[in-house]
Amino acid sequence: MLLLRSVLNRLLGMIVVMALVATIVFVIVRVTPGDPAAVMLGPDATAADIAALRSRLGLDGSIPEQFWRYIVGVVQGDFGQSIFLNEPVTAALAQRAEPTFFLTVFSLLIATVIALPVGILSAYRRGSLFDQAATTIAMFAASVPSFWLGLLFIQLFAVRLGWFDTSGYGGPGASFGDRIAHLVLPALALGLVSSALITRFTRASMLDVLNDDYVRTARSKGMSEWRVVLKHALKNALIPILTVIGLTAALLISGAVVTETVFGLPGVGSLVVSAVLRRDYPVIQGALLVIAGLYVLVNFVIDMLYILIDPRVRY
Amino acid sequence: MAAIATPLQQEPNLFSRLLGRPTAAVGLAVLVIIAVMAILAPIIAPYSPTKLSIAARLHAPDLQHLFGTDDLGRDVFTRMLYAARTSLSVGFAVVVFSGVVGIVLGLTAGFFRKLDTPVSRLIDAMMAFPDILLAIALVAALGATPINVVVALGIVYAPRLARVVRASTLVIRELPYVEAARALGVPTPVILVRHVLRNVTSPILVQGTFIFANTILAEAGLSFLGVGISPDIPTWGTMIAVGRQYMDQAGWIMMFPGAAIVITVLALQLVGDGLRDLLDPRLAKDI
């Protein structure tokens, strides 16, 4: 019963946050100084053109009317029509979702695969040469802009060594394997930078639990070291680690926006950048909504995982 | 007993304690050097940041042009000094802006029980947007000027600070001295400023340093994409964007500004870590 209430509480919280996210996106487009339609069409536009575009952007009528139409559209999954691509925003986003999705997933995988063992070992051998090296490298990695690292990778691995293509997603009709091969360098650039944060948190969380009584008890029972570390300590350190992995997922989407542009990937990130440059407001609006919505959803899933991992957690 | 007999010694100030930590001291020294170079840019820069010289274009680094020249013959070292002014000013302004907004939101949510849920939900919603994406959208809406970039990044980072301030305020609100102040009839604004805000300065300072570091990275990202500060104003991000087109023949154009970002952000992180260890021992667990 308590469990069901926890889940419902979080679900309700998620719906409220989603509604606020939608409201913030609505407000952002409306804080544009002047008339967005006039800004988009430029100084030569006629009043009739501006009025037509205003109606297309959903900017006609009173603010409450606009808000109602917008919310109804969002609930139905209708984010409007892209002005420049001349297609529904949902279709434009769906077409470009694949590279962004796989880039984010691969980067997160790379980051986690590096960070978890390094963070655990760092905490276990606190103060050792390995720990010091790992901590220093993690801090350094967190200071590197992922787009700059991406450019260095292109220069080294694509231009000098010729191991990868310099940019793109394999072109039309490219096989799945070919497309994925184009994600190796960008995922490495993003994953390496993101691994820093997860490493630091894994180390901190492990340090927190490694001195706890139950770890000492497990040791005193004669349990092998790796079981003590992986089964008893890691399990209890997982909640903060999961939180930071969730947070990194959001950071990765941010990183993907810039990295996709560097590597010429036709993803949601580069779609947003070109939409901004062309002032295609419906696309910006739709992309913000979908990405923030996904983030809220990921956090909800992580909260649910907390309940599974730690039965004491209730909301 | 011995401790009681010892005369009270004044605790060294925060700055001295920070200097006592080697890594934080190095970070602080690097930041001071970068800031001084940025401030003195008009005096120490060997060339004009905007002077074009087609004859000197893509000149490799040598004694005449320490970091070489770019595609329009402009001195890369000079432009980097001027770019440091932009990056550091934007970073500082964002910390102040997000500080003011974050403190107001955090204190409100943490101190007034009835407002906690709505303000906290607003903070949650704001934090659902990836930082660069929200900043891009805000700059697109407001217009690409340095002030709007500051406002956009300030709005992006304010919720992070608000969350920290709220968490600390929730604890302080229940402490006996706040209760005593309330019982004595001290007005709420005075309690908030004198008793609560004063005691949440440590986490604000720590978080502010990290926001500074994140802003440098985010501003560089926005400028690199061409959706931030106008390309006419030198920034490290725009310099990398230019250098990108000449990576094969003139790698220095993008290498040096990139290195400047890494060094500045690293220095800020070292200072932030040092501050956190000194001011917030609960969080200091060698993260």
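The centres of domain 1 and domain 2 of chain A lie 35 Å apart, taken over C-alpha atoms. Domain 1 covers 2-93 and domain 2 covers 97-266; these bounds come from an automatic or database domain assignment. This is a predicted model, in which local features need pLDDT of at least 70, side-chain atom pairs count only at pLDDT 80 or more, and totals for chains, interfaces and linings use all residues. Residues are numbered from 1 along each chain as its sequence is written, while chains are lettered from A and ligands numbered from 1 in the order in which they are written.

**Chain B**
- Chain B has 13 helices and 0 strands. Helices (H or I, at least four residues) and strands (E, at least two) are DSSP runs, numbered from the N terminus.
- Along the principal axes, the C-alpha atoms of chain B fill a box of roughly 75 × 55 × 30 Å.
- Of its 287 residues, 49% count as buried (20 or more other C-beta atoms within 10 Å of the residue's own, with C-beta atoms placed from the backbone).
- Take contacts in chain B between residues at least 6 apart in sequence: 70% join residues at least 24 apart. Contact requires C-beta atoms, placed from the backbone, within 7 Å.

**Contact between chains A and B**
- Chain A gives 44 residues and chain B gives 40.
- On chain A, the helices that each supply at least two residues include α1 (2-30), α12 (225-262) and α14.
- The side of chain A that touches chain B has 36 nonpolar, 5 polar and 3 charged residues. Ala, Val, Leu, Ile, Met, Phe, Trp, Tyr, Cys and Pro count as nonpolar, Asp, Glu, Lys and Arg as charged, and the others, Gly among them, as polar.

**α14(A) against α7(B)**
- The axes of α14 (residues 281-309) of chain A and α7 (residues 131-142) of chain B come within 11 Å and cross at roughly 155°. Axes are lines fitted to C-alpha atoms, for helices over the stretch in contact, and angles run from 0 to 180 degrees between N-to-C directions.
- The angle therefore makes α14(A) roughly antiparallel to α7(B) (over 145 degrees).
- A:I284, A:L288 and A:I291 meet B:L133, B:A137 and B:A140.

**α7(A) against α10(A)**
- The axes of α7(A) and α10(A) come within 8 Å and cross at roughly 130°.
- The contact divides into 9 nonpolar, 2 polar and 1 charged.

Notes
Parallel < 35°, antiparallel > 145°, perpendicular 65-115°, else oblique. Contact = placed C-beta atoms within 7 Å. Buried ≥ 20, exposed ≤ 12 C-beta atoms within 10 Å, placed from the backbone.
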